[in-house]
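Please look over the sequence and the fold shown here before reading on, and keep both in view. The paragraphs below are meant to be read alongside them.

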Amino acid sequence: QLTVGGTFEVQWQANPSDQVSMDEETIAGEFEERIMEVWLAPKDMGKFSLGRGDMASDDTAEVDLSGTDVAGNSDVADVGGGLLFHDPAADADAVGLSVKNAFSNMDGLSRKNRVRYDTPDFAGFSLSAAAGEKEMVDAALRYSGTFSGAKLKAAVAWSNPGDSKDYSQINGSASLLLPLGLNFTIAGGSRDLDAMPANGDDPTFMYGKIGWKFDQLLSCGSTALSVDYGRYENIKHQDKGEEGTAYGLQLVQKLADWNTELFAAYRSFELEDDTGAAYDDISLVMGGARLKF
């Protein structure tokens, strides 16, 4: 038995939250392709995908069972990523040093033109591998299982972006949801650069989140709260001792009858390095709604 299918997905996005900044407050929205692929799934043989779609390592740094990932996850620069750090002593913004430059969760390779294969599940485990444009390759191992009422999901990946970048990396994440709603999420990664500056250190990050999901706090749907903390080192400059710290608070309220999530979050970014600059911290708040249909 052979199952054949395809996926066509586009997006329209105005003022992306990871790109707007003090200097560019308005970014015009435009349609662009996200996924354009066909796939084949022979019985008991896994799945073959061809076209533009997720590489094998995509989302392996963002496994999250907290219920608050729409408001905040290991990709802390997803909101406020375009904001520039400012050194008041120099009375100037750090040239080229934005939040997304200094804070990266190393989430593997995203949507590319590629060939991908996913194995069938074996006792909760599955293996994926992909080869894409510009000689990029990656592989990922995922797990999903339930035991004693608790749910565990995890992923680990290796990726090499090929001609487009000069490094390879390992990253992963895991999330545990206990029966009463308490949950824990961790993520981490390290990059191996082909050309390391003198006295440089590999880029690394570590991230953790603690949360609680309340299924019956409000009659309209489940409520989720969480706090998180991340440390991101040497992401932009490997020879300047850059150390970025991010922490935040997230709240998500589901409206089950309308397939909607209301969310709010607070995030703070702190950055220091060995250059003597004293960057101002960046703090932001956000709120929104996500409707699924």
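Predicted model: local features only at pLDDT ≥ 70, side-chain atom pairs only at ≥ 80, totals over all residues.

Residues are numbered from 1 along each chain as its sequence is written, and side-chain values use heavy atoms, with hydrogens and water left out.

The largest nonpolar core has 23 residues, and those with the most contacts inside it are V76, F85, V99, F103, F205, Y232 and F269. A nonpolar core here is a set of buried Ala, Val, Leu, Ile, Met, Phe, Trp, Tyr and Cys residues joined through side-chain atoms within 4.5 Å, where buried means under 20% relative accessible area, exposed over 50%, and partly exposed in between (1.4 Å probe, protein chains only). Two or more residues of this core come from each of α1 (99-102), β12 (204-218), β15 (260-272) and β16 (282-291); helices (H or I, at least four residues) and strands (E, at least two) are DSSP runs, numbered from the N terminus. Another core lies apart from it and has five residues, among them A56, L109, A130 and M136.

Side chains of opposite charge can pair when their charged atoms come close. With a salt bridge defined as a side-chain nitrogen of Lys or Arg within 4 Å of a carboxyl oxygen of Asp or Glu, the count comes to eight. In one of them, E37 pairs with R114, with the closest N and O atoms 2.8 Å apart. This pair links strand β2 (residues 30-42), which holds E37, to strand β6 (residues 111-118), which holds R114, across 77 residues, and both E37 and R114 are buried.

D228 and R267 also form a salt bridge, at 2.8 Å from N to O. Because D228 lies in strand β13 (residues 221-233) and R267 in strand β15, the pair ties together parts that are 39 residues apart in sequence; both of these residues, D228 and R267, are buried.

Strand β13 also holds R231, twelve residues apart from E243 in strand β14 (residues 243-255), and the side chains of E243 and R231 meet in a salt bridge (2.4 Å, N to O). E243 counts as partly exposed at 26% relative accessibility, and R231 is partly exposed at 27%. R231, E233 and E243 are linked in a network of salt bridges.
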